[in-house]
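Thank you for coming, everyone.

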Amino acid sequence: MINKKIVICTTIKNEAKNLNSYFRLLDKIINIFEDYFLIFIESESRDKTSVMVEKYLKNKKGKIINKELDTSLNRIVKLEICRNEYLDYVKNSNVLKGFDYLIVMDADGVNNKLNTKNLKNSLLNNINWNAIFANQSLFYYDIFALRIDNFI
């Protein structure tokens with residue numbers, strides 16, 4: 001066990017098909033930490049995403065925040081709003097201010113190969129981390145997030 005507290009944040013929209021495997025991964029992660037809190041920011045889902053998250057959180061420490069967003073906004077702006085929502089929640093929570101780590105994860109299956117043993121080893125190797133970033137074996141799948149004006 002890692003004697004640290006983590007907050008795990010996830011933005012979700014229409015992820016019902018991926019949530020059961022994502023919940024299994026979350027359970028593996030939270031079980032290696034002293035304490036945890038899960039934050040789901042849900043926006044505009046037309047499937048069972050919200051219902052599934054609410055059911056999962058029933059016996060967990062966490063919160064789902066449903067966001068109604070302007071439909072004229074593009075996908076990236078909506079994602080930015082949702083990410084800022086969980087950051088604001090963490091910053092304004094007196095309880096969560098005492099937590100050690102913030103993990104941001106996607107629920108769409110891209111994190112399914114995350115190895116909790118490797119995560120644990122990385123956090124326990126006595127390096128004073130500012131950040132750890134996930135990597136992938138193939139290519140980065142969402143190049144739009146890395147765009148540079150007039151280049152990408």
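This is a predicted model: local features need pLDDT of at least 70, side-chain atom pairs count only at pLDDT 80 or more; totals for chains, interfaces and linings use all residues.

How many salt bridges does a search of the whole structure find? The search finds five, where a salt bridge is a side-chain nitrogen of Lys or Arg within 4 Å of a carboxyl oxygen of Asp or Glu.

Residues are numbered from 1 along each chain as its sequence is written, and side-chain values use heavy atoms, with hydrogens and water left out.

Let me begin with Asp 27 and Lys 60, whose side chains meet in a salt bridge at 3.4 Å, N to O. This pair links distant parts of the chain, since Asp 27 is in helix H1 and Lys 60 is in the loop between H2 and S3, 33 residues apart. Helices (H or I, at least four residues) and strands (E, at least two) are DSSP runs, numbered from the N terminus. Asp 27 counts as partly exposed because its relative accessibility is 25%, and Lys 60 is also partly exposed, with a relative accessible area of 25%; here buried means under 20% relative accessible area, exposed means over 50%, and partly exposed is in between (1.4 Å probe, protein chains only).

The next pair is Lys 78 and Glu 44, with a salt bridge of 3.3 Å, N to O, between their side chains. Lys 78 lies in helix H3 and Glu 44 in the loop between S2 and H2, so the pair ties together parts that are 34 residues apart in sequence. Both Lys 78 and Glu 44 are buried. Glu 44 also has a positive phi of about 60°, although it is not a glycine, and its loop runs between strand S2 (33-43) and helix H2 (49-57).

Now, which residue forms a salt bridge with Lys 67? The partner is Glu 85, and the closest N and O atoms are 3.1 Å apart. Because Lys 67 lies in strand S3 and Glu 85 in helix H3, the pair ties together parts that are 18 residues apart in sequence. Glu 85 is partly exposed, with a relative accessible area of 24%. Salt bridges that share partners also join Lys 13, Glu 44 and Lys 78 into one network.

Staying with Lys 67, if we leave out residues up to four places away in sequence, this residue touches several others, including Ile 41, Glu 44 and Ile 81, where contact means heavy atoms within 4.5 Å. Lys 67 and Ile 81 are 14 residues apart in sequence, and their C-alpha atoms are 9.0 Å apart in space.

I will finish with two loop residues. Asn 14, in the loop between strand S1 (2-12) and helix H1 (16-30), has a positive phi of about 55° although it is not a glycine. Ser 93 lies in the loop between helix H3 (75-92) and S4, and it counts as buried because its relative accessibility is 14%. The side chain of Ser 93 reaches the backbone nitrogen of Leu 96 at 3.1 Å.

Note on methods
A polar contact is a pair of N or O atoms within 3.5 Å; within protein, one must be able to donate a hydrogen and the other to accept it, and residues adjacent in sequence count only if both atoms are side-chain atoms.
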